[in-house]
Structure formats: structure tokens, C-alpha cells
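Subject: Structure handover

Hello,

Here is the structure I promised to pass on. Please open it and keep it beside you while you read my notes.

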Amino acid sequence: MLKQEINELLTQTGPGTPMGAMFRQYWIPALLAEELPEDDCPPVRVKVLSERLIAFRDSEGRYGLMDEFCAHRGVSLWFGRNEEGGLRCSYHGWKYDVTGQAIEIPSEPDERHSALCAKIKLKSYPLVKIGDVLWTYMGDPATTPDLPQWEFARVPADQSFTSKRWQECNWLQALEGGIDSSHVSWLHSDGLKNDPLFKGAQGNKYNLADRKPFFEVVESDGGLFIGVRRNAEEGHYYWRITPWVMPSFTMIPPRGDHPIHGHFWIPIDDENCWVFTYDYHPVRPLSAAEVQAMREGKGVHNEFVPGTYRPLQNKDNDYMMDRAAQKRGDTYSGVKGISMQDASLQESMGPIVDRTKERLVSTDSGIIMARRKLWRAVEALRDEGVTPPGVDVAHQEVRSAAVVLPKDQSFIEGCADDLRVRPGEKHASV
Ligand code: FES
Ligand SMILES: [Fe+2]
């Protein structure tokens, strides 16, 4: 349970809010690189941290992210013309470069033109392609951190796949689903048996057999390692360890030799978020069959309303709930697919869940510690200017792991090496 004011502190990320200030300390995913596929392609509207922005790629391949609205009289630049090194407003032809600087005001007399242009600059943020993602940093330019080092974005292109989907609830309740390992044995029990990106792993057996997982949560430099243990063979436990790096990166523990996957949960505004979902293998290319399955919405990906990033199963169609499949036991909740099983339940809590009413239990310990860590970091930044965990790129070099350990061994000692990035070495997985 949280006090109402703490719930507001953690869920509000617009300009001027304390949590918004914290999100603005990090490089965060803004959109997929596939959305700006070529030079001079159509601009894309991007709303992130409650700011309405426009992203574009100019004639020289430079990326820009700036205020969506023209400095002249506020027209949306989405209607603009992306041509000859800049984005031109369709109303009176004012033109901006990727930094938001006005470079042409064609109606003005020549003698006034350059002085006027020099005075007009839209708010803008850097936009950088790393892996399949275009990243932005929306904070003070003087404290721009090093570029992101997440392994999924840094491995060769054929080893990684990223999708994104719109989720209609606050970022924090989506993130909390990502660090709540206990729901897997119920909500996703069908996926462990049937999904091509999950099935066949030895670990699935332990997952399905032991529905009373024990949580052990350990602080890391960038956030937490959330360890969850279930019974394995005599004298052993099966451990699944989920890293959470602040503010909103999570990595699901792997299964067998399947690629590893996870999420970035990025606020669009306080009642919506983008879920960036990555899948990568540290040492081998993804197979054609794996990529095909990801494109078809298997694993932790999903199908889309054509031409959009809205899931095909969404709250307007009750996520295509199938009561007969639920009754037969094909799915536990009646909703198909891991990500839509999660999204349907998280959205059902309302846009911002009232955390003053919840009744937390032992399996919520990861969530409790993550909230506390966020809350402490938000206050330290606001009150003392302390840079939060996760900004330092060394904090980003983490991996999830799924291992079997002797009962007397703690996970943090038993697999310390497995929880950091080891280039060229496979992830630890059973
Ligand atoms: S409103 Fe954009 S040029 Fe006039
Ligand atoms: Fe889930």
C-alpha cells in the first residue's frame, strides 16, 4: 500500500514533476528506427513524458526530435514537408533543421531574414540510433550522459529484434508486471507449454510444478536483482533472476537456448506508455523461424492493428477474450499471448491504479523494493541533485539468468558472473 501522494510522485512524469525530472536524466527509447526508414521520409509524431514532439530524418540522414508545433502560429509540423535539409511548415513555409533552429522564413524581406531566423529555435532533443531504437535524452544538455550500452542494442543487428506497443495505463503498473515473477505460473502457464519462443526448456518444468515461489531481492548498482526460487531436483533450487535497472528497464530470465527478452516501459503521458520489447541472443544470430515468430506476435511480442503500434487485441475488443479456450484450459485467462495477457490485466486496473487500496504479500517484495528505490532516488535528485542509479553506463551491463543451484547457495554468490554482460559468452540458462 502506498500513500496517495507517493503514488502521484511515482506515476507523474510530465515537465516540472519530480519523477519527470528523473526520467529526464536518462537516454530513453523514443521510437523505433523503422519509423524513420530513409532520408526525407515522413515525420512522425512522438509523445513522451507528456511532451508532444515531432521526429524526422533529414536529407543527410540526421535525426531530430523537436516541439511538434511551429513557432509561427502553432501549426503541427506533422503536416510539414521534409525536404532539402529540414522540415518545412505547410502553413507559411517556415523551415527548421534537426536542432529545431529556424533556417528559412520565406515571407520575410531579405534584409531581416537571417536576424529573424537566428532568434527562432524550437525546443529540441538529441535523437540517436543504437540498435533498432532511436534514443533521446530530454534533460539538461550540460549533463548529457554517455550513450546507452544495453547489450540488446549493442550486439550485431542479426542477433537482436525490437518491437513496440502502446499500453493504455501508467508506466509504473506496466513495469510492476515486468518484475512480478510470481504471476507466470498462473497467467502464462499456457505459454510455457506451447509458445515457440519459450517451450522445451528444462526450467519450464520447475516453473509449472512449484507455484509457491520464494522471492529474494538484492540491490544492484543500477536497481535490483529480483531472485525467485522454486523447487528443483533433490537438494537444489531453480532460480530465475530478473534485473531491473532504473528507471524502467527489465530483463526476463531466459529459457533454454531461446533468445533473452525484456522491456523498456516509457511514459507517453500519465495514463499511457510505450512498451519497447527486445529479444536478443548474446552469441548467435536469431534464426529466421525465431524472427518470424516475433513478427507474428509470439513470445513477448504481439500482433498489431495494421499500420499502427496499437495491439490487435485491445480494450475496445476485450482483448478478443475466448471464454471457451479459458474453460478448456488452453489459456488461463482466456486471452491469447503473453504480452496481451499482461496488458489486458494491467489495463483492467484503470489508467493509474489506486495503490492506497492494495494488499501486498510476500511475492510482491520486488515491487515494494523497486518503489522504495525509485522514491528515494527521486527525492535525492530533487533535494540534493544526486544523479540517480542507472545513468552510469556500467549499471546497464547486466543480464538475467535462470540457473539451478544447491539449496545452501545464495543466488547472488552462486551466479554473480552470470548477472553481468560477458561479451562472446552465452547467457546462463536452463
Ligand atoms: S504556422 Fe508554421 S509557418 Fe506559419
Ligand atoms: Fe507477464
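The charged end of K164 sits over the ring of W274, with 3.8 Å to the ring centre. Please bear in mind that this is a predicted model. Another charge over a ring is found at W78: R45 lies over its face, 3.8 Å from the ring centre.

Now the ring pairs. How many aromatic pairs does a search of the whole structure find? The count is 16. One of them joins W135 and F264. Their centres are 5.6 Å apart, and the planes stand at 80 degrees. That makes the pair edge-to-face. W135 belongs to strand β11 (residues 133–137) and F264 to strand β17 (residues 260–269), so this pair ties together parts 129 residues apart in sequence.

Next, look at F152 and F249. Their ring centres lie 6.5 Å apart and their planes are at 15 degrees, so this pair is stacked. F152 is in helix α4 (residues 151–154), while F249 is in strand β16 (residues 249–251), so the pair ties together parts 97 residues apart in sequence. F152 counts as buried because its relative accessibility is 5%. F249 is at 1%, so it counts as buried as well.

Ring pairs link W135, W150, F152, F249, F264, Y278 and Y280 into a cluster.

On to R240. You will find this residue in strand β15 (residues 236–245). R240 is buried, yet it has no salt bridge. Which side chain of opposite charge is nearest to R240? It is D342, and D342 is 11 Å away. R240 does have polar partners. Its side chain makes a polar contact with the side chain of Y238, at 2.8 Å. A polar atom of the R240 side chain also lies 2.9 Å from the backbone oxygen of P253. Leaving out residues up to four places away in sequence, R240 touches a list of residues that includes N207, I226, G227, V228 and R230. Also among them are I252, P254, R255, A401 and A402.

What joins the side chains of E358 and R371? A polar contact of 2.5 Å does. Not counting residues up to four places away in sequence, E358 touches M1, L2 and R371.

C415 is buried, because its relative accessible area is 1% and the cut-off is under 20%. Setting aside neighbours within four places in sequence, C415 is in contact with I241 and V403. How far apart are C415 and A157 in space? They are 28 Å apart, C-alpha to C-alpha, and 258 residues apart in sequence.

Then go to R240 in strand β15.

Best wishes

Terms used. Residues are numbered from 1 along each chain as its sequence is written. Chains are lettered from A and ligands numbered from 1 in the order in which they are written. This is a predicted model: local features need pLDDT of at least 70, side-chain atom pairs count only at pLDDT 80 or more; totals for chains, interfaces and linings use all residues. Side-chain values use heavy atoms; hydrogens and water are left out. Helices (H or I, at least four residues) and strands (E, at least two) are DSSP runs, numbered from the N terminus. Buried means under 20% relative accessible area, exposed over 50%, partly exposed in between (1.4 Å probe, protein chains only). Lys and Arg count as positive and Asp and Glu as negative; His and the chain ends are not counted. A salt bridge is a side-chain nitrogen of Lys or Arg within 4 Å of a carboxyl oxygen of Asp or Glu. A polar contact is a pair of N or O atoms within 3.5 Å; within protein, one must be able to donate a hydrogen and the other to accept it, and residues adjacent in sequence count only if both atoms are side-chain atoms. Contact means heavy atoms within 4.5 Å. Rings of Phe, Tyr and Trp (its six-membered ring) pair if their centres lie within 6.5 Å; planes under 30 degrees apart count as stacked, over 60 as edge-to-face and the rest as tilted. A charge sits over a ring if NZ of Lys or CZ of Arg is within 6 Å of the ring centre and within 35 degrees of the ring normal.
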